[in-house]
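I opened the model to look up two things.

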Amino acid sequence: MNFDLKTRLSDPDPEIRRVAVLEIMDGDEDDPIGLLLGSVADSDATVRAETARALEGQDSAAVVEALVTLLQDTDASVRKAAAESLAEIKDASFGPLLLPATQHANAFVRAAAFRALRELRLAQTFDPALAATADADASVRREAVGALGYLRKPAALAKLAQLAVGDPAPEVRRAAIGALGFGAADAVRTPLASALNDVDWRVREEAAATIGKLRIATAISALIALLADEYWQVRAKSAHTLGKLKAVSAVPALIEALGHEISNLRKEAALALGEIADPRAAPALTRALTDTDPDVRKLAQRALGL
């Protein structure tokens, strides 16, 4: 035991205690987790936050329980650090310890629990996550949707499709659209088509991306229309998907996008034109060989087979 370190963990100066927490995992302590757990209830928020960060990746029942406790801290920085550390849990055997937190009275705790459960893919998460899609708090609904997306159960598709077009919060609609990416194209075609007209540009962007993953060719006309969207991010994602779909009818609009002032959009247009391989694009791609952006030049060169 490093007695100097133990002494500093109880020093009156919180900065000394905080630095001691940082040193615990880098040392050769016999029980580093035990030392960290002793700092969970420190009187200073900066020490508690540092402790929450230090516990990241230390999968054990005691650590999970401590982090769930810190989710309820009075200080926002501590709650945030605890949520981020819980999200890094990789051992699914500790997932059941998080399930009760999905029913907690505090919305932040519920959301953080679903976020941590997401990548663990526990079958037991399905029912509480499905129920939480009706939660009054948008952040909880968003994280519950994320958990359902990772579970990839067809039984969730109807609810996800409903949220994709009907939830009042754009972040929930966007998460639901992304989660629909595991479904069969026929089951999700209608909500994804509707989402291409969503009032929020991030939802439209996500819909274009998910359509690309599912290769839904019936959306080509709507995607071409989105090449004139007011947000270049939506245009870029639509161009990317049109390339995946090898949409010959999109070539004129993609040629126009190749001249846009935003280089990221020009890159996606060049990439898409290369995938479609329509000879009508050759003159525009030849001009793009002198583009100011080296990535655009490289993609144009590739598209031309040079």
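This is a predicted model: local features need pLDDT of at least 70, side-chain atom pairs count only at pLDDT 80 or more; totals for chains, interfaces and linings use all residues.

My entries on the pocket and the helix pair follow.

Residues are numbered from 1 along each chain as its sequence is written, and side-chain values use heavy atoms, without hydrogens and water.

I looked up the volume of the largest pocket: about 200 Å³. A pocket is an open set of points on a 1 Å grid over the protein atoms alone, where a 1.4 Å probe fits, with protein on both sides within 12 Å along at least five of seven lines. I then listed the lining (residues with an atom within 4 Å of a point). Among them are Arg118, Arg142, Glu143, Tyr150, Arg152 and Phe182. Helix H9 (138–151) and helix H11 (170–179) each give two or more residues to this lining. H9 supplies the largest share, five residues. Helices here are DSSP runs (H or I, at least four residues), numbered from the N terminus.

**Helix pair.** I next checked helix H7 (residues 107–118) against H9. They pack at about 15°, with axes 8 Å apart. Axes are lines fitted to C-alpha atoms over the stretch in contact, and angles run from 0 to 180 degrees between N-to-C directions. That makes H7 roughly parallel to H9 (under 35 degrees). Which residues of H7 meet H9? Ala107, Arg110, Ala111, Phe114, Arg115 and Arg118 do. Their partners in H9 include Glu143, Ala147 and Tyr150. Contact means heavy atoms within 4.5 Å.

Notes:
Grid points are joined across faces, edges and corners, and a volume is the space filled by probe spheres set on the points. Angles under 35 degrees count as roughly parallel, over 145 as roughly antiparallel, 65 to 115 as roughly perpendicular and the rest as oblique.
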